[in-house]
Amino acid sequence: MTRITRATVHVDALRANLAAARAAAPDSRVMAVLKADAYGHGLLAAADALADADGVAVSCLGEAQPLRRAGYHHRILLLEGLFDADEVEAFVADRLDPVVHAPWQLDLLAQHPPSQPLDVWVKVDSGMHRLGFQPRDLADVRERLSQLSGVARIRYITHLACADDRDDPTTRDQLQCFEGALAGLEGERSIANSAAILGWPGAHGDWVRPGIMLYGCSPFADQRGAPALRPALTLEARLIAVQEHEAGARIGYGGTFVCPERMPMGVVSIGYGDGYPRRAPNGTPVLVNGRRVPLAGRVSMDMIHVDLRPAPDAQPGDRVVLWGEEDLRAEEIAAYCQTISYELLCQLTDRVAFQYGGSGDGSGTR
Ligand SMILES: *Cc1c(COP(=O)(O)O)cnc(C)c1O
């Protein structure tokens, strides 16, 4: 038995989730967000599965160039735009669209004009206060851009800070701020992340930018209302040992789990060195042969313990799922770990073997 710590990416689930994004925003074009190695799913494989999208968004050249090398020919938006003058001609060569979010990027485009004009997306800070121009400055920004030889089409983009809470009035304020700032300015608009696609129809605009929903996770803090999404990645390992311990036995580093009775304890071939979160507490659910059992004791680098009382017949070699099935979603594990599914998906390490397709067919790397 080799060490099995495996992520299976379900290409059909990615496609179905893209269709769900389209169905939710039928009048918008869809820009699939593939940053951070497609939220840990593998950039090229995800782009391939999501080839029906009208474009993709990534964070930097290092994520855009491999897509062009692989023949991806739709629009690619770089969400943080240019980092340096050295990058300008790479944007030209690969026909990449930069976000322009700050005065220094305007200066950069003025001082290092692209040899062919680029389509740019002006980022508006409508209330998240991360990147973007202030609404009062937009007319000037527009004026400056229109004088630059290196700029072709101008589009507008903003990002929502609180769309994952459908009761938070911030989103309404941000939408008003954005539209107010752009009154009278022509150009396509892009506002919505996954939460706004599903929860804020008024925010759809010309281009929507789904990320997490494509990977099958609910974008909502309360996890309600994303039932149609299918988990796109199943993380699994194997049971490598089953031991019987007496009442009072302390399990693992620090002995933080104490056996309340004589009981079977399983050891599973995954740990924080694979990206299973070390902060997962006692009781975090794990599926052994499809049955829920609780995590017991601290997560080690290569292993975890599971309380096998609910699955007393489990044997070494049996299949263990950490997340990514309908009845054990990454969102639930994230809640146990006081984080969000996004972080769990992004932090799988290279030690996890990735395979693409359905169950067992084909293999590949991220
Ligand atoms: C990551 C990101 C998205 C996608 O957000 P999700 O919540 O994953 O849908 C959209 N827009 C911007 C600017 C982003 O950084």
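This is a predicted model: local features need pLDDT of at least 70, side-chain atom pairs count only at pLDDT 80 or more; totals for chains, interfaces and linings use all residues.
Reader: How much space lies in the largest pocket, and which elements give two or more residues to its lining?
Author: The space in the largest pocket comes to about 820 Å³. Its lining has 39 residues, with K35, Y39, H159, N193 and Y342 closest to the centre. The elements giving two or more residues to that lining are α2 (35-40), α9 (194-199), α10 (330-336) and α11 (341-346).

Reader: Which residues come nearest to the ligand?
Author: There are 13 residues around the ligand. By class, this shell has 6 nonpolar, 4 polar and 3 charged residues. Those that come nearest are K35, Y39, S194, I212 and Y342.

Reader: What is the distance from a polar side-chain atom of S194 to an oxygen atom of the ligand?
Author: Let's go through the polar pairs. In H159, a side-chain N or O atom is 3.5 Å from a nitrogen atom of the ligand. For K35, a polar side-chain atom lies 2.6 Å from a ligand oxygen atom. For S194, the distance from a polar side-chain atom to an oxygen atom of the ligand is 2.5 Å.

Reader: And what share of the ligand's area does the protein bury?
Author: Taken alone, the ligand exposes 390 Å². Of that area, the protein buries 92%.

Methods: Residues are numbered from 1 along each chain as its sequence is written. Side-chain values use heavy atoms; hydrogens and water are left out. A residue is near a molecule or strand if one of its heavy atoms lies within 4 Å of it. A polar contact is a pair of N or O atoms within 3.5 Å; within protein, one must be able to donate a hydrogen and the other to accept it, and residues adjacent in sequence count only if both atoms are side-chain atoms. Accessible areas come from the Shrake-Rupley method with a 1.4 Å probe; for residues, only the protein chains shown count as cover. Ala, Val, Leu, Ile, Met, Phe, Trp, Tyr, Cys and Pro count as nonpolar, Asp, Glu, Lys and Arg as charged, and the others, Gly among them, as polar. On a 1 Å grid over the protein atoms alone, a cavity is a set of points where a 1.4 Å probe fits but cannot get out, and a pocket is an open set with protein on both sides within 12 Å along at least five of seven lines; lining residues have an atom within 4 Å of a point. Grid points are joined across faces, edges and corners, and a volume is the space filled by probe spheres set on the points. Helices (H or I, at least four residues) and strands (E, at least two) are DSSP runs, numbered from the N terminus.
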